[in-house]
Amino acid sequence: MHLARFPRLSLGHFPTPLEPLPALSAYLGGPTLYIKRDDATGLATGGNKTRKLEFLLAEAVAQHADIILTQGATQSNHVRQTIAGAARLGLQTHYFLERRVDDFGEEYQRSGNVLLDDLLGGERVDHLPAGADMPLAMEAHAEQLRAQGRRPYVIPGGGSNATGALGYVAAAEELLYQSSQQRLRIDHIVHATGSTGTQAGLVAGLAATHSGIPVLGISVRAPREKQEENVWLLAQRVWQKLALKGEVPREAVRVNSDYVGQGYGIPTAATLEALQLLARLEGILLDPVYSGKAMAGLIDLIRKGEFGKQDNVLFVHTGGAAGLFGYRQWFERQAE
């Protein structure tokens, strides 16, 4: 596995910290919990997309793109980081948003990531209704740009294609090196899985290095069977891009979809508990869409005895705390 042969920019603060969570571990009575702080990647408040963008935007530069085009949900962390990364390269970003969630008031539509999108200089093309064909809308806009003589580079939602997922192949190498330096045995890795790029990259990277560390994705939207299939298919494409022999073992892809609740972007009572526990015990901010739901799932699985008391469990924090500000109305409802 030789990642240096792929174009890559330096956009983030790496390696991100790998730290213990002693207060939360004690509160839950074991296992021993650790956190990989990919909320601390440094690009416009950070997040996991920065790793993907190092490869995606490098490819855009290599293709002589002069404008970036992408899409996401209203409070998209990916859109915010894409605009920021492109801005550092002197590139404009056009983006589409999808109204997947529409019941948290005006602040949800205007604050948080939406405010930062504008501050960073992104240009919103349209705000489409839930269920819209976002890839089709992007391609139609890309064609218009090409007709104007522009050279758009199109990044899928979440940056989740084989190029973007290389960012989490690199993350797998990074955390293995860190754990070796810390003499830390990692028994399990848990994280939020949505657009699949983070999990596909981790699974491919850890399988390629024969680490033997299982990865569990806590789904934030899709049913288990669908999410596992999507992750595995992308992991296969990453494997092929790396020119590795064989294929990613199907059993290496594990997803739990029990914590989705009412749907994407809609927090649950368990999400609120997870947000409060990490904030009040460890001084760490999670987000209501991804890391909050994933931590809620991890906490519940610990309480159910799914992990051994002596296990070392690593939680990958994928960022997104900027989105908290769009959920003020939801927090107020919980306090009533």
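Helices (H or I, at least four residues) and strands (E, at least two) are DSSP runs, numbered from the N terminus. This is a predicted model, in which local features need pLDDT of at least 70, side-chain atom pairs count only at pLDDT 80 or more, and totals for chains, interfaces and linings use all residues. Residues are numbered from 1 along each chain as its sequence is written, and side-chain values use heavy atoms, with hydrogens and water left out.

**View A. Ala243 in the loop between helix 9 (224–241) and strand 9 (254–256).** Ala243 is not a glycine, yet its phi is positive, about 60 degrees.

**View B. His64 in the loop between helix 2 (49–62) and strand 3 (67–73).** His64, not a glycine either, has a positive phi of about 60 degrees. Its relative accessible area is 54%, so His64 is exposed.

**View C. The cis peptide bond from Phe14 to Pro15.** Pro15 belongs to the segment before strand 1 (18–20).

**View D. The cis peptide bond between Gly30 and Pro31.** Here omega is about 5 degrees. Pro31 sits in the loop between helix 1 (22–28) and strand 2 (32–37).

**View E. Contact of helix 7 (residues 162–181) with helix 8 (residues 197–208).** Residues of helix 7, including Tyr168 and Leu175, meet residues of helix 8, among them Gly201 and Leu202 (contact means heavy atoms within 4.5 Å).

Definitions and conventions: Axes fitted to C-alpha atoms, helices over the stretch in contact; angles between N-to-C directions. Buried < 20%, exposed > 50% of the residue type's maximum accessible area, 1.4 Å probe, protein only.
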